[in-house]
Structures are given as structure tokens and as C-alpha cells.
Amino acid sequence: MASFRLFSTRQRKTLEAVVEIVTEPVRGRGSAELAKSLGMSRESVYQLLLPLVRSGLLIGDRGRNGGYRGASGTASARLSEVLGFPRNGEPLPDCPQWVGRIEGLAGNAVLQVLDSTTVGELAGELRATRSAPTWEI
């Protein structure tokens, strides 16, 4: 399999945070806990998740027992929605037509995967890896 970065660091951290939040929907996650697991400051976590709170995918509660929880339907949200992948299909102006065509084909393939994968599916995979027994010899 080819190895290249498809997502920006911000998109990766957003995806990690949302999957962590959805993995334990009842408890939610505090910004300090998320900051530690993501290797970010609390302010950075706030800035990262603010667009998702504003869009209604996450609920952000302030105060001592506050934190982030998934809103109704967050687990069924498509990854393309969470990551904010563009759908305009406009080629870049400084791009030769043949490069734009390849980028368009690749972008459509990526969107197909992101549209067919939900946050809940990734949270299920994360839960499975956390509950899997580890054998030390």
C-alpha cells in the first residue's frame, strides 16, 4: 500500500478526538483529558472542536463536570462531514489539466471511502482494540 499523508494534522487530530468522544458516549471527554491524549493544549482542543460544536455534531458543556459529548447522530456521521472535505471539484488554477484530472479521480475515490465510513464504525474498531487481550511472554 502506498504511504502518504492524506489528512492534515488538524484533520487527524479532529478525527482522533471525535472517535475518542464517541467511544464513550455516556461519559463524554473533558478538554484536559482530550488535550493529554492528543498531545495538545486545552485551548487547541477547544479551537479544534469548536466548528463541530457549532455544526451540532458535538455538544460542549462548560464547568466542573463539563466536556464534550457526541450529539444525537454523531456516531452515524460520515467522515467526510467530520473532516470537512470539499466537494466543489474545482481544479487548482496553477495546475496543468492532466494533473487536475488525476487529483480529481483520487479525490473522488477518497470521498467515496469517507462517505461510506462512519464515526461509529471507527469507534467500534477502537473499542475492540482496547478490549482485546494482550499476551505478554
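Predicted model: local features only at pLDDT ≥ 70, side-chain atom pairs only at ≥ 80, totals over all residues.
Local features need pLDDT of at least 70 and side-chain atom pairs pLDDT 80 or more, while totals for chains, interfaces and linings use all residues. Residues are numbered from 1 along each chain as its sequence is written, and side-chain values use heavy atoms, without hydrogens and water.

View 1. Helices are DSSP runs of H or I with at least four residues, strands are runs of E with at least two, and both are numbered from the N terminus. Ser31, Leu34, Ala35 and Leu38 are buried in helix 2 (under 20% relative accessible area, with a 1.4 Å probe and protein chains only; exposed is over 50%, partly exposed in between). Seen down the helix axis, these buried residues fall within an arc of 100°, so they line one face of helix 2; the arc is that of the directions from the axis to the C-beta atoms. Their cover includes helix 1 (9-23), helix 3 and strand 2. Gly39, with a positive phi near 70°, follows helix 2.

**View 2. Surroundings of Ala75.** Ala75 sits in the loop between strand 2 (67-70) and helix 4 (79-83). Ala75 is partly exposed, at a relative accessible area of 38%. Leaving aside residues up to four places away in sequence, Ala75 touches Val22, Thr118, Val119 and Gly120 (heavy atoms within 4.5 Å).

**View 3. C-alpha atoms of Ala75 and Val119.** The two residues are 44 residues apart along the chain, and their C-alpha atoms are separated by 5.0 Å.
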